Amino acid sequence: QVQLVESGGGLVQPGGSLRLSCTTSGSIFSISRMGWYHQAPGKERELVASISISGGTNYAPSVKGRFTISRDNAENTVYLHMNSLKPEDTAVYYCNAVVFTSTSSSVTYWGQGTQVTVSS
């Protein structure tokens, strides 16, 4: 079994910062890409940022320059540092990870989601 546990969401004022964390545990051979998605009420889940095992990153245009994704491969943890937060960043944030349980078998797992609310 593989689990992703997220932490770090909450309420923050516009212009503030938050750091989200997501740790993967269980039967893991290796983890390739890890990412963060968000889903606002009435909208589809969409990619915020992703990072490869070698550290290559990809960002949604709306967060580029404000958010930074990073990972600690030894701890199987991915982070999302969010700066200059805007009300439109308000959403449930989900992490995901492409987990190899053997050399040839991979499954994409999701965290349970953490609420981020940007409001004065």
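User: Leaving aside neighbours within four places in sequence, which residues are in contact with leucine 80?

Analyst: This is a predicted model. Neighbours within four places in sequence are left aside, and contact means heavy atoms within 4.5 Å. On that basis leucine 80 touches Leu18, Arg19, Leu20, Trp36, Val48, Ala49, Phe67, Thr68, Ile69 and Tyr93.

User: Which residues have the most contacts inside the largest nonpolar core?

Analyst: In soluble globular proteins, nonpolar side chains tend to be buried together. Here the largest nonpolar core has 29 residues. Those with the most contacts inside this core are Trp36, Leu80, Met82 and Tyr93.

User: Which element gives the largest share of this core?

Analyst: Elements giving two or more residues to the core include strand S1 (2–7), strand S4 (30–39) and strand S11 (114–118). S8 and S9 are also among them. The largest share is five residues, and it comes from S9.

User: Is aspartate 89 buried or exposed?

Analyst: Aspartate 89 sits in the loop between strand S8 (77–82) and strand S9 (91–100). Beyond its neighbours within four places in sequence, it contacts Arg66, Phe67, Ser84, Val116 and Val118. Its relative accessibility is 4%, and the cut-off is under 20%, so aspartate 89 counts as buried.

User: How many charged residues are in the lining of the largest pocket?

Analyst: The largest pocket holds about 210 Å³ of space. It is lined by 13 residues, with His38, Glu46, Ser62, Glu88 and Asp89 nearest its centre. By class, two lining residues are nonpolar and four are polar, while the charged residues number seven.

Notes: Residues numbered from 1 in each chain as written. Predicted model: local features only at pLDDT ≥ 70, side-chain atom pairs only at ≥ 80, totals over all residues. Heavy atoms only, no water. 1 Å grid on protein atoms, 1.4 Å probe; cavity = no way out; pocket = protein on both sides within 12 Å on 5 of 7 lines; lining within 4 Å. Points joined across faces, edges and corners; volume = space filled by probe spheres on them. Nonpolar A, V, L, I, M, F, W, Y, C, P; charged D, E, K, R; others polar. Helix = DSSP H or I, 4+ residues; strand = E, 2+ residues; numbered from the N terminus. Buried < 20%, exposed > 50% of the residue type's maximum accessible area, 1.4 Å probe, protein only. Core = buried A, V, L, I, M, F, W, Y, C linked by side-chain atoms within 4.5 Å.
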